[in-house]
Amino acid sequence: MRSFAAGAALLALTACATTPSRFPIRHPPIAPNAPTLARMWDGQKVSSPLSPLVDHAEVRRRVTTIRDGGGSLFRVKEEGRSFLGREIWSVSFGRGPFVVLMWSQMHGDEPTATSALFDLYEYIRRHQHQPAVAHLLDQLTVHTVPMLNPDGAELFQRRNAQGVDINRDALDLATPEARLLKSLRDSLNPQIGYNLHNQNWRTSVGPPMKGAAVSLLSVAYDEARSMNDGRVLTKKLGAVIRDSLEPYALGRIGRYDDSFEPRAFGDQLTLAGTPVLLIETGPWPDANPDPMLVKLNYIALVRSLHALADGSVHQADPDRYDSLPENTGGGFHTVIRGATVTRPDAERPQVMDVGLAGVRRVRLDAGKRTAVLNLTVVGAGDLTAAATSFDINASGQVLARRTQGAAVGALVSVAAADLVITTGATVPADLMLLTPLPDGRYRVERLVTAEVMLGVK
Ligand SMILES: [Zn+2]
């Protein structure tokens, strides 16, 4: 069943696109397109709605279920241990000649892609007998490492338990997690690597400026950002992903600057012969951005694996990657529009916008894991052009620091000091919007809270 068609596809996959094939071209089975995958994800996902709540124990439970599920579809292996002794597993599928390595959550507080990997496994399990997936399993061997940094993930912190950023440890190899990743690359010698992250929540792309839901990077392997076959391939994969995601995230897909960073894994792996595509997931304008971000990751991973398996990646136009706008920072979670604001350095109140940044954190308390959104006051002025996920129209209202016990509808007096709005990365967004009354008091119209609870596990 596989011999001739698989041979032709393999040749298409490995040969230069201009090399004529001596084999008759047989078309591989048609893989699901992005709209079909989007519907599949809606109906078949197994990931939980809040990725920050996924801890190491949940990864253990899921990979153990896969391992004990029987059959030869998946291979689950403990590849090593974290600094604090937590298991780091690989889950592999497929027996094809083209080897893929993907890893998630090397930064512990970047959980979205770990959940997307759970959904990828489910896609493979459910559809293993569909022709396109069977073809994928014939053509590719895919190794995945869900949660490379379990100690960081447990505390929801970027760095590992030694306080080291694993993605800056590709040369020193001071961390067991970095040594594990390097040794996987050296033993598997994958033809492509996927480095899966979340990006800073303020990342934006435009114009018009929007939160960057997904940023891609065809990773460089030298200062000159030279091109080789590997980089062409990662650019083409980036083009496949852009085309797949654009209907769902139009104007929200960006590209990172491809400066060479020798301490980073993507750069060192690309240099070692495994070209790396970086996929970073960012803000999404929803109270819980995760489900959509997991869905975008899922579509990107499944579509691009199929494109590698059926050779269609070679028809992709790298300019579809190159023409992505470069991302930038400075976006907001929420912009309060047109409020009357007193700034510390101003003589009188003025009408302006105030921008709030939102960062997710996990609090650990008596074995419970609580995900929260922390909002801080980081910008003031005319923020018309900035990216934001949410807007609050505050026209005609006065912005003040929230006072103890203030409730919507209450009539309050406000101390002059509480009308002064300062900005900074650590200024909590405990605010209230007020309508001034003729007697000098204010009516509370709206409260903004610096910490919003998202969920508990
Ligand atoms: Zn990261």
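Author: Buried means under 20% relative accessible area. Keep that cut-off in mind; this is a predicted model.

Reader: Is Glu110 buried or exposed?

Author: Glu110 has 7% relative accessibility, so Glu110 counts as buried. His107 is at 3% and therefore counts as buried too.

Reader: Which atoms coordinate the zinc ion?

Author: His107 gives ND1 and His197 gives ND1.

Reader: How are the donor residues of the zinc ion spaced in sequence?

Author: The pattern is H-x2-E-x86-H.

Reader: What should I expect of the angles at a metal?

Author: Ideal angles are 109.5 degrees for four tetrahedral donors. To count as tetrahedral, four donors need all angles between 85 and 135 degrees. Here the angles among the four donor atoms of the zinc ion span 57 to 149 degrees, and the site is irregular.

Reader: How many aromatic pairs does the structure hold?

Author: Three. One of them joins Phe74 and Tyr121, with centres 6.0 Å apart and planes at 70 degrees, so this pair is edge-to-face.

Reader: Where do Phe74 and Tyr121 lie?

Author: Phe74 is in strand 1 (residues 74-81), and Tyr121 is in helix 4 (residues 112-127). The pair therefore ties together parts that are 47 residues apart in sequence. Phe74 has 13% relative accessibility, so Phe74 counts as buried. Tyr121, at 2%, counts as buried as well.

Reader: What about the rings of Tyr123 and Tyr298?

Author: Their centres are 6.2 Å apart and their planes stand at 85 degrees, so Tyr123 and Tyr298 are edge-to-face. Tyr123 lies in helix 4 and Tyr298 in helix 10 (residues 290-310), so the pair bridges parts that are 175 residues apart in sequence. Both Tyr123 and Tyr298 are buried.

Reader: Which residues do ring pairs link into a cluster?

Author: Phe74, Phe93 and Tyr121.

Reader: Which charged ends sit over rings?

Author: Take Lys45 and Arg252. The charged end of Lys45 sits over the ring of Trp41, 4.8 Å from the ring centre. The charged end of Arg252 sits over the ring of Trp284, at 5.4 Å from the centre.

Key:
Residues numbered from 1 in each chain as written. Predicted model: local features only at pLDDT ≥ 70, side-chain atom pairs only at ≥ 80, totals over all residues. Heavy atoms only, no water. Phe/Tyr/Trp six-rings, centres within 6.5 Å; stacked < 30°, edge-to-face > 60°. Helix = DSSP H or I, 4+ residues; strand = E, 2+ residues; numbered from the N terminus. Buried < 20%, exposed > 50% of the residue type's maximum accessible area, 1.4 Å probe, protein only. Lys NZ or Arg CZ within 6 Å of the ring centre and 35° of its normal. Donors = N, O, S within 2.8 Å, 3.2 Å for Na, K, Ca; no water. Tetrahedral: all angles 85-135°; square planar, octahedral: opposite > 155°, others 65-115°.
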